[in-house]
Structure formats: structure tokens, C-alpha cells
Amino acid sequence: MADPFQNVDAAGPEFIKLFADSMDQRQADPTMERIVAAYLGHLNVTDASTVVEVGAGAGAVTRRIASHCHPAKVIGFEPSKGFVSEANTRAKEYSNLTFKVADGAALPLEDDAVDAVIMHTVLTHVEDPKSLVAEAFRVLKPDGILIVCDADFSKATFSAFPNDPLDICAKEFVREFVTDPFIVAKLRSMISDAGLSVQHFDVQSRVVSTAEQMLPWVALTTKQMYERGDIGKELAEGLVAEHERRARNGSLYGYQVFATVVAAKAA
Ligand SMILES: C[S@@+](CC[C@H](N)C(=O)[O-])C[C@H]1O[C@@H](n2cnc3c(N)ncnc32)[C@H](O)[C@@H]1O
């Protein structure tokens with residue numbers, strides 16, 4: 001199956017609601033809060049600035065950007081109409097924020113139009129990440145900033161001991177819901193090759209220990225493995241129960257790595 005984030009609308013309304021909520025929860029997580037706060041600290045916005053998020057989803061990060069940059073204008077571009085509809089519903093009180101349906105490789109913006117472009121867990125989900133970076137370069141003003149924050153899904157794990165059976169869910173999530181799990185290793189050269197100068201590269205660990213945050217990883221993967229006939233109902237239910245048991249007793253260890261690249265277009 002192709003990564004559903006490549007075409008979210010085709011994945012259906014249930015998927016859109018589930019991940020809109022899941023991305024809101026992820027954004028509220030203290031580690032993610034710190035990661036986003038750190039990269040927003042690299043922005044140098046004035047009231048007249050325009051900042052865009054590409055691949056804004058349901059706006060979890062875009063709302064945060066809008067609060068940080070207020071009263072500067074913030075636009076969230078997102079190819080999924082379903083996510084844009086969720087994003088509009090969730091951002092009613094943000095006067096400086098709008099969302100538009102658009103692919104990150106073809107933004108409805110003039111050349112040299114914006115002060116900053118942010119992509120948060122987007123490039124790992126696209127077939128041609130270079131086209132999104134090239135488009136960011138095109139729309140950035142001279143001196144403009146590109147910020148890319150992405151997960152290194154190649155390192156994602158649930159393992160708490162050797163051959164931990166729960167880790168099957170992490171591996172399956174990466175296989176079914178991610179396009180390039182190794183994107184982080186390629187980011188700096190890809191961004192430099194597009195003509196931007198990399199100013200900052202940082203990698204942070206994130207450990208998830210609540211059932212809600214990792215539930216899509218376990219609920220969706222076990223459902224798919226069961227529906228494909230790879231595993232029986234007993235094992236599917238057992239993995240979900242084990243995930244819940246660990247969350248309850250404080251032993252759940254969902255490990256993720258997030259990298260941030262900050263790059264500038266020459267003045
Ligand atoms: C994991 S979500 C992240 C959403 C949001 N940035 C956040 O962190 O809450 C990945 C997003 O990338 C979007 N996406 C996929 N292909 C894209 C493309 N070609 N251009 C722009 N966004 C794309 C998806 O529709 C989805 O909203």
C-alpha cells in the first residue's frame with residue numbers, strides 16, 4: 001500500500017479525523033513543543049512578514065506559527081481538502097492565519113514572495129521531496145528562511161527488549177505510512193543542492209509513553225495486518241492489549257527521532 005499521506009483525501013474522512021486529532025496531540029507533547037519553539041526562534045519576523053507552512057495538515061503546527069508570528073501573515077498550504085476543512089474549523093480565532101489547498105511543488109505564490117517556509121513532517125511522505133525544496137527556494141525572498149523538521153522514521157521503535165513483539169507495530173507503521181524513512185540523512189545535501197545555505201542542523205529524541213499518542217501506530221497496523229490475513233484476531237487484539245498495558249503501567253517506550261534543518265536563501 002502507498003503511504004496514505006501522499007493522498008489524504010483518498011484515505012477517507014475517518015483517517016482525516018484520526019490524524020487531525022493525533023497531530024494535535026503530537027503538537028501538544030512537551031518534547032514537540034520544545035522542538036517547534038527552538039526552530040521558531042530562528043525566525044526573524046516583522047509585522048509585515050509572510051510565513052508559510054507547506055503540508056500544513058489540520059493546522060496543528062500552523063496555529064503555533066500564527067501565535068508566534070502574530071500579527072504577521074501566516075498561510076498553511078495543504079493538498080488535502082479534508083485536512084484544510086479540519087484546519088479551518090480548528091483555527092477560527094486566529095485572525096492572521098489562512099489555509100489554502102495547494103501542493104507543495106506548485107504553490108500559488110509569486111517568486112521571492114515570502115519570508116519563511118516551514119515544512120513539518122512532510123518530506124518523509126512525498127515521492128519527490130526535491131521538488132518541494134525547489135519550490136520553497138523559488139517563493140522565498142532573498143534572505144528568507146527555510147525550516148524543515150522531519151522524523152527519522154528509520155530509527156522509530158517500540159522495542160523495550162530484544163525481539164520485542166510490540167515493535168512489529170512500529171516497523172509496520174513505517175512500512176505502510178511513510179514514503180522515505182531515511183529522509184533525514186539526505187536533508188542537508190538536498191537543501192544545499194537547491195541553493196540554500198544550511199545554517200543549523202539539530203537532532204532530538206522523543207519518547208512517547210501515552211497510549212493516545214501512539215494509538216494510530218498500533219490500532220491501524222494491527223487492523224491492516226489482520227485484514228490482510230497476516231495475523232489472526234487473537235494476535236491483533238493481543239498487540240493492542242499489550243500496548244495499553246504498557247501505557248497503563250508506565251513501561252510504554254515509543255522512541256522517535258526528529259531533525260531540524262534551518263537554511264537561508266542568499267541576500
Ligand atoms: C504527517 S502530516 C503533517 C501535517 C502537519 N505539518 C503537522 O505536523 O501537523 C503530512 C502532511 O503532508 C502533506 N503532503 C503530502 N504530500 C504533499 C505535497 N506534495 N505537498 C504538500 N504537502 C503534502 C499531507 O497531506 C499531510 O498533511
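## Charge and model basis

Lys and Arg are counted here as positive and Asp and Glu as negative, while His and the chain ends are not counted. The place of each charge is taken as NZ of Lys, CZ of Arg, CG of Asp or CD of Glu. On this basis the protein chain carries 26 positive and 37 negative side chains, and the centres of the two sets are 2 Å apart.

The model is predicted: local features need pLDDT of at least 70, side-chain atom pairs count only at pLDDT 80 or more, and totals for chains, interfaces and linings use all residues. Residues are numbered from 1 along each chain as its sequence is written, and side-chain values use heavy atoms, with hydrogens and water left out.

## Overall fold

The protein chain contains ten helices and seven strands; these are DSSP runs numbered from the N terminus, helices being H or I with at least four residues and strands E with at least two. Along the principal axes, the C-alpha atoms of the protein chain fill a box of roughly 60 × 35 × 30 Å. The radius of gyration is taken over C-alpha atoms, and the globule rule is 2.2 Å times the number of residues to the power 0.38. For 267 residues a compact globule would have a radius of gyration near 18 Å, and the 19 Å of the protein chain agrees with this.

Of the 267 residues in the protein chain, 52% are buried, where buried means under 20% relative accessible area, exposed over 50%, and partly exposed in between, with a 1.4 Å probe and protein chains only. The accessible surface of the protein chain comes to about 11,900 Å², and 53% of this belongs to carbon and sulfur atoms. Accessible areas come from the Shrake-Rupley method with a 1.4 Å probe; for residues, only the protein chains shown count as cover. A contact means heavy atoms within 4.5 Å. Among contacts in the protein chain with a separation of 6 or more, 78% are between residues 24 or more positions apart.

## Salt bridges

A salt bridge is a side-chain nitrogen of Lys or Arg within 4 Å of a carboxyl oxygen of Asp or Glu. By this rule there are 23 salt bridges. One of them joins the side chains of Lys 265 and Asp 112, at 2.9 Å from N to O. Lys 265 lies in the segment after β7 (254–264) and Asp 112 in the loop between β3 (97–101) and β4 (114–120), so this pair ties together parts 153 residues apart in sequence. Lys 265 is buried at 10% relative accessibility, whereas Asp 112 is partly exposed at 40%.

A salt bridge also links Arg 228 and Glu 172, with the closest N and O atoms 2.8 Å apart. Because Arg 228 lies in helix α9 (residues 211–228) and Glu 172 in helix α7 (residues 167–177), the pair ties together parts that are 56 residues apart in sequence. Arg 228 is partly exposed, with a relative accessible area of 38%, and Glu 172 is buried at 8%. In the salt bridge between Lys 186 and Asp 180, the closest N and O atoms are 2.6 Å apart. Lys 186 is partly exposed at 38% relative accessibility, while Asp 180 is buried with a relative accessible area of 15%. Elsewhere, salt bridges that share partners join Lys 17, Asp 21, Asp 24, Arg 63, Glu 86 and Arg 90 into one network.

## Backbone features

Most residues other than glycine have a negative phi, and most peptide bonds are trans. The peptide bond joining His 70 and Pro 71 is cis, with omega about 5 degrees. Pro 71 is placed in the loop between α4 (60–69) and β2 (73–78).

Asp 112, a residue other than glycine, has a positive phi near 50 degrees. Asn 163 likewise has a positive phi, near 60 degrees. Asn 163 is found in the loop between β5 (140–151) and α7, and is exposed with a relative accessible area of 77%.

Asp 111 is found in the loop between β3 and β4. Leaving aside residues up to four places away in sequence, Asp 111 touches Arg 138 and Val 139. From C-alpha to C-alpha, Asp 111 and Met 32 are 32 Å apart in space and 79 residues apart in sequence.

Gln 27 belongs to helix α2 (residues 13–28) and is buried at 7% relative accessibility. Not counting residues up to four places away in sequence, Gln 27 touches Met 32, Glu 33, Val 36, Ala 60, Val 61 and Arg 64. Gln 27 and Gly 55 are 28 residues apart in sequence, with a C-alpha to C-alpha distance of 15 Å.
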